[in-house]
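Have the sequence handy as you read.

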Amino acid sequence: MMLAILSDEELGDKITMEQYYYNHMNKAQQAAYHSILSGVKNLADEFQIPALEGEEL
């Protein structure tokens with residue numbers, strides 16, 4: 001496993017970039033994003049996401 005240490009500037013760029021893409025998602029995509037993020041953070045064996053087409057997901 002590789003641990004990356006980001007500078008404050010790199011971290012700010014990462015947050016800004018994530019927010020940019022998040023703001024371009026529709027509500028269903030944002031709901032899927034939150035479900036996936038929560039499932040991964042909680043190391044869940046499974047989690048539900050809204051039904052989306054493959055490319056939209």
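What follows goes from the whole chain to a few of its residues.

## The ground rules

This is a predicted model, where local features need pLDDT of at least 70 and side-chain atom pairs count only at pLDDT 80 or more, while totals for chains, interfaces and linings use all residues. Residues are numbered from 1 along each chain as its sequence is written, and side-chain values use heavy atoms, leaving out hydrogens and water.

## The whole chain

The protein chain has two helices and zero strands (DSSP runs numbered from the N terminus: H or I of at least four residues for helices, E of at least two for strands).

Of the 57 residues, 11% are buried (under 20% relative accessible area; exposed is over 50%, partly exposed in between, with a 1.4 Å probe and protein chains only). The chain exposes about 5400 Å², and 57% of that comes from carbon and sulfur atoms (Shrake-Rupley method, 1.4 Å probe; for residues, only the protein chains shown count as cover).

Y33 sits in helix α2, which covers residues 27-41.

Setting aside neighbours within four places in sequence, Y33 is in contact with E18, Y22 and M25 (heavy atoms within 4.5 Å). L57 is 24 residues from Y33 in sequence, and their C-alpha atoms are 8.7 Å apart.

## F47

F47 belongs to the segment after α2. With 38% relative accessibility, F47 counts as partly exposed.
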